[in-house]
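Trainee: I have this one open and would like to go through it with you. Can we take it piece by piece?

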Amino acid sequence: MRFIFIGPPGAGKGTQAIRVAEMLQIPHISTGDILRQHVSEQTSLGQQAKVYMDRGELVPDQLILDMVQYRLEQADTSRGWILDGFPRNVPQAIFVEKLLSSTSTEGALKVINLDAPDDEVVKRLLARGRRDDTEDTIRRRLQVYREQTTPLIEFYNSRQQLCQIDGSLSMDEVTTQLKQAVAAV
Ligand code: B4P
């Protein structure tokens, strides 16, 4: 069981990925969380990543790809995983595709596109108030999402791996829809 959660910042990827991972008993792997851990521990990666995260930009692929590969090689991933916030651009998606074709893990890849309107996600993120949740940074993250991440919708749709979920509903309503989508895999 392998799932990728994509969608604009604040659509609920992290919120829902935690719930689905617990339900399926597979690890929830959030590149945002791993990066924030590096930032708080002031590792070399964290110090480099922080500059981009504070601006609402994507952290460069050369920093992200090794980090993800290392995480996916851990023993707890043998039954599957949920990738939350990765891939975020086409080169990262091609990296996942190559990684999967070189491993023997069984099971289909399903990509959940959790979408929500800009006004709704801005409202949610301002209420959350994380250090990168200022109005300017949120607007920049939404712009980066439109430019670099939305091409993944067609990338995965053309591979018949995409499932659309309405992230503007309440948290529990979204979870109900996700449970149905996951059961259908
Ligand atoms: P992320 O940590 O992935 O941040 P995000 O997109 O803002 O989080 P998410 O969308 O999961 O938030 P959620 O909806 O759960 O990335 C942060 C930064 O890290 C990026 O800007 C980038 O710099 C870097 N980065 C991460 N991955 C990268 C990659 N692959 N490549 C390069 N750079 C990368 O939660 C939002 C809020 O909404 C919460 O407060 C929640 O309670 C609320 N909420 C959720 N669902 C709701 C609902 N249905 N109704 C009402 N409120 C809801």
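Trainee: Where does Pro87 lie?
Mentor: Pro87 lies in the loop between S3 and helix H5, residues 90-101. Keep in mind that this is a predicted model.

Trainee: And what kind of peptide bond joins Phe86 and Pro87?
Mentor: A cis peptide bond, with omega at about 0°. Most peptide bonds are trans.

Trainee: Is Phe86 buried or exposed?
Mentor: Phe86 counts as buried, because its relative accessibility is 0% and the cut-off for buried is under 20%.

Trainee: Which ring does Phe86 pair with?
Mentor: By the rule used here there are two aromatic pairs. One of them is Phe86 with Phe95, an edge-to-face pair at 6.3 Å centre to centre with 90° between the planes. Phe95 has 16% relative accessibility, so Phe95 counts as buried too.

Trainee: What about Phe155 and Tyr156?
Mentor: Phe155 and Tyr156 also form an edge-to-face aromatic pair, at 4.9 Å centre to centre and with 80° between the planes. Both residues are buried.

Trainee: Which charged end sits over the ring of Phe155?
Mentor: That of Arg159, 3.7 Å from the ring centre. There is also Arg55, whose charged end sits over the ring of Tyr52 at 5.3 Å from the centre.

Trainee: Let's switch to the sheet. In what order do the strands come?
Mentor: The order is S2-S3-S1-S4-S5. These five strands form an open sheet, and the pairing is parallel.

Trainee: Which are the edge strands?
Mentor: S2 and S5, the latter being residues 162-166. Each of these two pairs on one side only.

Trainee: How much are neighbouring strands turned against each other?
Mentor: By 20° on average, with direction ignored.

Trainee: Back to S3. How many bridges join S1 to S3?
Mentor: Four bridges join S1, residues 2-6, to S3, and the two strands run parallel. In that pairing Phe5 stands opposite Asp84 of S3.

Trainee: And how many bridges are there between S2 and S3?
Mentor: Three, again in the parallel sense, with S2 covering residues 28-30. There His28 stands opposite Ile82 of S3.

Trainee: Are the faces of S3 covered or open?
Mentor: Both faces of S3, residues 81-84, are covered. Trp81 and Leu83 are on one side, Ile82 and Asp84 on the other, and all of these are buried. In a regular strand the side chains alternate between the two faces of the sheet.

Trainee: Helices next. At what angle do the axes of H1 and H9 cross?
Mentor: At roughly 45°, with the axes of H1 (residues 13-24) and H9 (residues 171-183) coming within 10 Å. H1 and H9 are therefore oblique to each other, as the cut-off for roughly parallel is under 35 degrees. The crossing is right-handed.

Trainee: And H6 with H7, what is the angle there?
Mentor: The axes of H6 (residues 118-128) and H7 (residues 135-149) cross at roughly 135° and also come within 10 Å. H6 and H7 are therefore oblique to each other, and their crossing is right-handed.

Trainee: Where does Gly167 lie?
Mentor: Gly167 lies in the loop between S5 and H9. With a relative accessibility of 2%, Gly167 counts as buried.

Trainee: How far is its C-alpha from that of Ala11?
Mentor: The C-alpha atoms of Gly167 and Ala11 are separated by 5.5 Å, although the two residues are 156 residues apart along the chain.

Trainee: Last topic, backbone angles. What is the phi of Gln25?
Mentor: Near 60°, a positive value in a residue that is not glycine. Most residues other than glycine have a negative phi. Gln25 lies in the loop between H1 and S2, and at 58% relative accessibility Gln25 counts as exposed.

Trainee: And what is the phi of Gln160?
Mentor: Gln160 has a positive phi of about 55° and is not a glycine either.

Trainee: Where is Gln160 placed?
Mentor: In the loop between helix H8, residues 151-157, and S5. Gln160 is exposed, since its relative accessible area is 71% and the cut-off for exposed is over 50%.

Methods: Residues numbered from 1 in each chain as written. Predicted model: local features only at pLDDT ≥ 70, side-chain atom pairs only at ≥ 80, totals over all residues. Heavy atoms only, no water. Buried < 20%, exposed > 50% of the residue type's maximum accessible area, 1.4 Å probe, protein only. Pairing = 2+ DSSP bridges. Phe/Tyr/Trp six-rings, centres within 6.5 Å; stacked < 30°, edge-to-face > 60°. Lys NZ or Arg CZ within 6 Å of the ring centre and 35° of its normal. Axes fitted to C-alpha atoms, helices over the stretch in contact; angles between N-to-C directions. Parallel < 35°, antiparallel > 145°, perpendicular 65-115°, else oblique. Left-handed = near helix turned anticlockwise from the far one by under 90°.
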